[in-house]
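Biologist: I'd like to learn how to read a structure feature by feature. Could you take me through this one?

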Amino acid sequence: MSNTLPDMTTPRRILVVEDEAAIANAVAARLRAEGFAVEVAGDGAVAVDAVRRLRPDLVVLDIMLPGLDGLEVCRRIQADRPVPVIMLTARDDETDLLVGLAVGADDYLTKPFSIRELAARVRALLRRVERMQEAGRNQPPMLLGDLEINLAERRVRRAGAEVHLTPTEFELLVHLAGRPRAVLPRERLLAEVWGWADTSGTRTVDSHVKALRRKLGADVIRTVHGVGYALEVPA
Ligand code: CA
């Protein structure tokens, strides 16, 4: 697989949010060396401002921050505009991880992580988001009961009210909506939406489904225990 982004005319902007200067600097240096424009924010409040000001293409966000923690930062930045987020978590802290995915992180790495691996995840997530945007262009909206998915504009409305979804939530919804009422196994969703062949990440799917239900209403997605999920066409 190629490691370069397609047709990179302007550098993609990345915001790195981490209070530990050694980690922040190492991550920023690596990403700059790969051609990204990088800014660093050392605490949560600065990060929220920086996202509004810079409109980054992706945010690398540490959970453990002074003041506003990473989860709250993620909630606030996703409320304004969907932005891809890779979260950094402490090892084995699964609660943080699941909450992080529920508040809108697209991917995560546990500390200590390899800077190379992080750079690879950054590229993979950007590619995934750009591919989705490309695929949605010129597509007609999907109408499922009172649910409207506008692929070209990447907007979702339920009963006329706009619902803000993160890039991964949007893609998961589009996958489910492509085959309404059909049960899609979690492993398949993981492979198709996240591109992960490893099935140990199925709880990631659960967390994102939880977030979709919270935002769209619990009746939109049906759980088929032990198998997966199906999109129900809301009345
Ligand atoms: Ca930290």
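Predicted model: local features only at pLDDT ≥ 70, side-chain atom pairs only at ≥ 80, totals over all residues.

Biologist: Which protein donors does the calcium ion have?

Modeller: The donors are Glu18 (OE), Asp19 (OD), Asp62 (OD) and Met64 (O), at 2.1 to 2.5 Å from the ion. Along the sequence, these donor residues follow the spacing E-D-x42-D-x1-M. Glutamate 18 sits in the loop between strand E1 (13–17) and helix H1 (21–33), while methionine 64 sits in the loop between strand E3 (58–62) and helix H3 (70–80), so this pair links distant parts of the chain, 46 residues apart.

Biologist: Is methionine 64 buried or exposed?

Modeller: Methionine 64 counts as exposed, with 58% relative accessibility.

Biologist: How should I read salt bridges?

Modeller: The general idea is that side chains of opposite charge can pair when their charged atoms come close. In this model the count comes to 21 salt bridges. One of them joins lysine 111 and glutamate 18, with N to O at 2.7 Å. Lysine 111 lies in the loop between E5 and H5 and glutamate 18 in the loop between E1 and H1, so the pair ties together parts 93 residues apart in sequence. Lysine 111 is buried too, at a relative accessible area of 16%.

Biologist: Which residues are linked with Glu18 and Lys111 in a network of salt bridges?

Modeller: Glu20 and Asp62 are linked with them in that network. Asp62 is also one of the calcium donors.

Biologist: And how do I read a contact between domains?

Modeller: The size of an interface is often given as the accessible area lost when the parts come together. Here the chain is divided into domain 1 (13–133) and domain 2 (139–231), and their C-alpha centres lie 23 Å apart. The contact takes 19 residues from domain 1 and 17 residues from domain 2. Between them, the two domains bury about 1500 Å², with 53% of it on carbon and sulfur atoms.

Biologist: How many salt bridges are there between domain 1 and domain 2?

Modeller: The count is one salt bridge. Glutamate 171 forms a salt bridge with arginine 128, and their closest N and O atoms are 3.3 Å apart. On the domain 1 side, H3, helix H4 (94–102), strand E5 (107–110) and helix H5 (115–136) each supply at least two residues that touch domain 2. Four residue pairs are in polar contact between the domains.

Key:
Residues numbered from 1 in each chain as written. Heavy atoms only, no water. Donors = N, O, S within 2.8 Å, 3.2 Å for Na, K, Ca; no water. Helix = DSSP H or I, 4+ residues; strand = E, 2+ residues; numbered from the N terminus. Buried < 20%, exposed > 50% of the residue type's maximum accessible area, 1.4 Å probe, protein only. Domains from an automatic or database assignment. Contact = heavy atoms within 4.5 Å. Buried area = accessible area lost by both parts, 1.4 Å probe. Salt bridge = Lys/Arg side-chain N within 4 Å of Asp/Glu carboxyl O. Polar contact = N/O pair within 3.5 Å; in protein donor to acceptor, adjacent residues only side chain to side chain.
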